[in-house]
Amino acid sequence: MTATTIPAGHPYVACESEPRWYGNSLFEFLVPNDATGGRMTVFRATMPEGFSPPRHIHTREDEAFLVLEGDAGFDLDGRTHVAGPGTSGFIPRGVPHTFRVLSPVAVMLGVMTPGTFEELFRHLGVPAAERTLPAPGVVAFDIERVMAEQARLGTQVVGPPLGA
């Protein structure tokens, strides 16, 4: 059996995050994957009403979230939860999940370990011109590219977005 060693990373402090538009949302990498040697990523996601990824399973990452603003409905392993500001949760790898933004805008803090899933947002998003939601149509959202990138990163899509 071969052991995999994850690089140690380095101390990291930043006053500003790197903003990226992903679809119709804004993702800001507060502690990026490369600063942690791949151990984790911490990001803030600002998403408009109706934003909902397809139901999926991370096979490599554990995920934690904190709702900072707005409301979202979560489906975690078939159980529905409504989450408002201050709600936090943990989704271990292997658990099917999705969510849907229920308020006009929701802001969430996300932590993923390890942090390599950050690559999805970097590869399919674009640098944000400003720290706001993008105007409609600014970021092309190619579902086939999204599905291919998720598969490359070990994520299995197992159903439609919540409410679809």
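**Figure 1. Glu 118 and Arg 122 form a salt bridge in this predicted model.** The side chains meet at 2.6 Å, N to O. A salt bridge here is a side-chain nitrogen of Lys or Arg within 4 Å of a carboxyl oxygen of Asp or Glu. Both residues lie in helix α1 (residues 118–124). They are 4 residues apart, about one turn of the helix. Helices (H or I, at least four residues) and strands (E, at least two) are DSSP runs, numbered from the N terminus. Glu 118 is buried, with a relative accessible area of 4%. Arg 122 is partly exposed, at 23%. Buried means under 20% relative accessible area, exposed over 50%, and partly exposed in between (1.4 Å probe, protein chains only). Glu 118 and Arg 122 also belong to a network of salt bridges with Glu 18 and Arg 20.

As to conventions, residues are numbered from 1 along each chain as its sequence is written, and side-chain values use heavy atoms, with hydrogens and water left out. Local features need pLDDT of at least 70 and side-chain atom pairs count only at pLDDT 80 or more, while totals for chains, interfaces and linings use all residues.

**Figure 2. Arg 44 pairs with Glu 28 across two strands.** Their side chains form a salt bridge of 3.0 Å, N to O. Arg 44 sits in strand β3 (residues 41–48), Glu 28 in strand β2 (residues 25–31). The pair links distant parts of the chain, 16 residues apart. Glu 28 is buried, with a relative accessible area of 5%. Arg 44 is partly exposed, with a value of 28%.

**Figure 3. Asp 75 and Arg 55 form a buried salt bridge pair.** The closest N and O atoms are 2.5 Å apart. Asp 75 lies in strand β6 (residues 72–76) and Arg 55 in strand β4 (residues 54–58), so the pair ties together parts 20 residues apart in sequence. Both residues are buried. In total, the structure holds 9 salt bridges.

Figure 4. The peptide bond from Thr 113 to Pro 114 is cis, with omega near -10 degrees. Asp 77 is not a glycine, yet has a positive phi of about 55 degrees.

Figure 5. From the N terminus on, the elements run β-β-β-β-β-β-β-β-β-β-α-β-α-β. The radius of gyration, taken over C-alpha atoms, is 15 Å. The globule rule (2.2 Å times the number of residues to the power 0.38) also gives 15 Å for 164 residues, so the chain is as compact as a globular protein of that length. Its C-alpha trace spans about 45 × 35 × 35 Å along the principal axes. Buried residues make up 46% of the 164 residues. Among contacts (heavy atoms within 4.5 Å) between residues at least 6 apart in sequence, 74% join residues at least 24 apart. The chain exposes about 8600 Å² (Shrake-Rupley method, 1.4 Å probe). Carbon and sulfur atoms supply 58% of that area.
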